[in-house]
Amino acid sequence: MDKETIIFLLLLTFISLQPLVASQMLVSRSGIEGEWRLLHESIGVSAMHMQLLRNNKVVIFDRTDFGRSNLSLPGGRCRYDSHDLVIREDCSAHSVLYDVGSNTFRPLMVQTDTWCSSGAVLPDGTLVQTGGYNDGDHIIRTLAPCTGENCDWVEFPRTLIQRRWYSTDHILPDARIIVIGGRNQHNYEFYPKNPSSFSAFWLQFLSDTRDGDNENNLYPFVFLLPDGNLFIFANTRAIILDYKKNEVVRELPSIPGNEPRNYPSTGSAVLLPLDENSPMQAEIMVCGGAPRRAFGLTDYGVYMTALSSCGRITISDDHVNDGSWKMEQMPTPRVMSDMLILPNGDIILINGAARGTAGWENARNPVTRPVIYRPNRAENNRFSVMEASLKPRLYHSTAILLTDGRVLVGGSNPHKFYNFTGVEFPTDLSLEAFSPPYLAPEYAPLKPTVLSIDEILIYKQPFSVTFTVPKFLKMGIVLVRIVAPSFTTHSFSMNQRMVVLKSIAVSTVTDNTYRFTAFGPSTKEIAPPGYYMLFVVHAGIPSSGVWVQIQDLSVY
């Protein structure tokens, strides 16, 4: 091993194993703590909801019933809504389409109220967005990727069976979307509707987990498990649901501490990466939240310290050997933080506050430093504190992963209306990007570049990706990972999942050029059909992502 290689390996080890000491939390070291970049001081709307599409454009929207935004609709267009609670004629936009490549945006036209809604992406890449408030609570809206300037929202009135406000969506292996819960909705339904039933399905679990007027069970955390069942977490409890039979397979242990993790005590959660190179198991991680009494106390000017704990629980296919919660402590308390899976399998926690809860005017002490969590490191050595943003991101802020490995961050409007003056935390219309440490210049020699790829992956079928890397270290430290783009709102990234694909071989093509052969996902339950970002990861450093479509040959 030459001297240059040894230096790179030592640098990688240094970064991944650093303890959390005070000096790290205060000093940035040339990209080791990541870097922030302001993309736009204002995009005209506050980014309450975000979704990355397969054409590398991001759908961003807030709500329609709080007056005019700071961005006009084009061509003299206006929105006329006799049901609007604030303004019935509105010529401003409440949604934009952001182009990642050109760093530009244009307004979109949304007609009905999208406040606190949910969404998922169909296998063809179309965003399906469900519910909202007032005249939008039974609406389904769609937005298909396009290259021109004419694509816009399409709305389908009275499509949902029940009112959906603060609900959670998840794409299913059969390409349907399940819509779960919402305010005063202890049930779930499907889109498209189940042909045999046009009624919603009662779920007692959602009623049992409600804390009276404080609720603490909205936007439940939902994940599709490798066996096809759903993991559902609300408040402090979790179940395994067989949605096909409308049966609870098993109730899991409550997370220790008896403190709520769902809205308005908003924590966050992820399904940790599923690895096809090992015996398949699912592990869910839940972090942050607020004490049970926190929501009511903010009315009296009391902002309780947020929760600083995270819990991990393993789910087995037979549900006989499901584990118990294993708890860890974050470096700081966090409420309203987003959790995203990074291309190298690490987890980033970003945005949020250290005191209070979700809701209008309900939080203090913004947490501006992201934290990166390395799930496969030794316990007590998994968290690293990153560089601070100059902008507080509180209630109604969002974050999503981009194909280039950056994290797009926007939003923060803890007020009933847009409010830019005379308040401690003004409405924020800006858009930022955070570059994790793997994007630092010192890792450029280890960064792969994808040259060619089979753009359609078939279940259980081999495919190949050709890539180049300036300083190739070792065959055994190359992985191919796919990431489903998430619909993010209220600190939860719906449909987010990563799969490490089963490796076959790495071969040398020419100097610095290599071919990685792997299998497509094993089942639709592990990776539902649709578009994914594919990353080649070499020595922990990911390439930029390329879009691939996972298809099921049986439906063609």
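Cys 78 has a relative accessible area of 17%, so this residue is buried, the cut-off being under 20%. The model is a predicted one. A disulfide links Cys 78 with Cys 91, with an S to S distance of 1.8 Å. Cys 78 sits in the loop between strand E3 (57–61) and strand E4 (79–80), and Cys 91 in the loop between strand E5 (89–90) and strand E6 (95–99), so the bond ties together parts that are 13 residues apart in sequence.

Another one joins Cys 146 to Cys 151, with S to S at 1.9 Å. Its torsion is -55°, and the link of Cys 146 and Cys 151 is left-handed. Cys 146 and Cys 151 are both buried.

Cys 287 and Cys 310 form a disulfide too, with S to S at 2.1 Å. Here the bond ties strand to strand. Cys 287 lies in strand E22 (residues 282–287) and Cys 310 in strand E23 (residues 309–315), so the joined parts are 23 residues apart in sequence. The torsion about the S-S bond of Cys 287 and Cys 310 is about 115°, so this disulfide is right-handed. Both Cys 287 and Cys 310 are buried.

Count the bonded cysteines along the chain, and the disulfides follow the pattern 1-2, 3-4, 5-6. One more cysteine deserves a look. Cys 116 is buried, with a relative accessible area of 0%.

Now turn to strand E40, residues 497–500. Which of its faces are covered? Both are: Arg 497 and Val 499 are buried on one side, Met 498 and Val 500 on the other. Strand E21 (residues 274–275) pairs with E40 in the parallel sense, over two bridges. In that pairing, Leu 274 stands opposite Val 499. Strand E37 (residues 478–484) runs antiparallel to E40, and four bridges join them. Val 499 in E40 is the bridge partner of Ile 482.

The last stop is a loop. Ser 543 lies between strand E44 (541–542) and strand E45 (546–551). Is Ser 543 buried or exposed? Ser 543 counts as buried, because its relative accessibility is 1%. Beyond its neighbours within four places in sequence, Ser 543 is in contact with Lys 447, Pro 448, Val 450, Phe 535 and Val 536.

Key
Residues are numbered from 1 along each chain as its sequence is written. This is a predicted model: local features need pLDDT of at least 70, side-chain atom pairs count only at pLDDT 80 or more; totals for chains, interfaces and linings use all residues. Side-chain values use heavy atoms; hydrogens and water are left out. Buried means under 20% relative accessible area, exposed over 50%, partly exposed in between (1.4 Å probe, protein chains only). Contact means heavy atoms within 4.5 Å. Two strands pair if DSSP finds at least two bridges between them. A disulfide is a pair of cysteine sulfur atoms within 2.5 Å.
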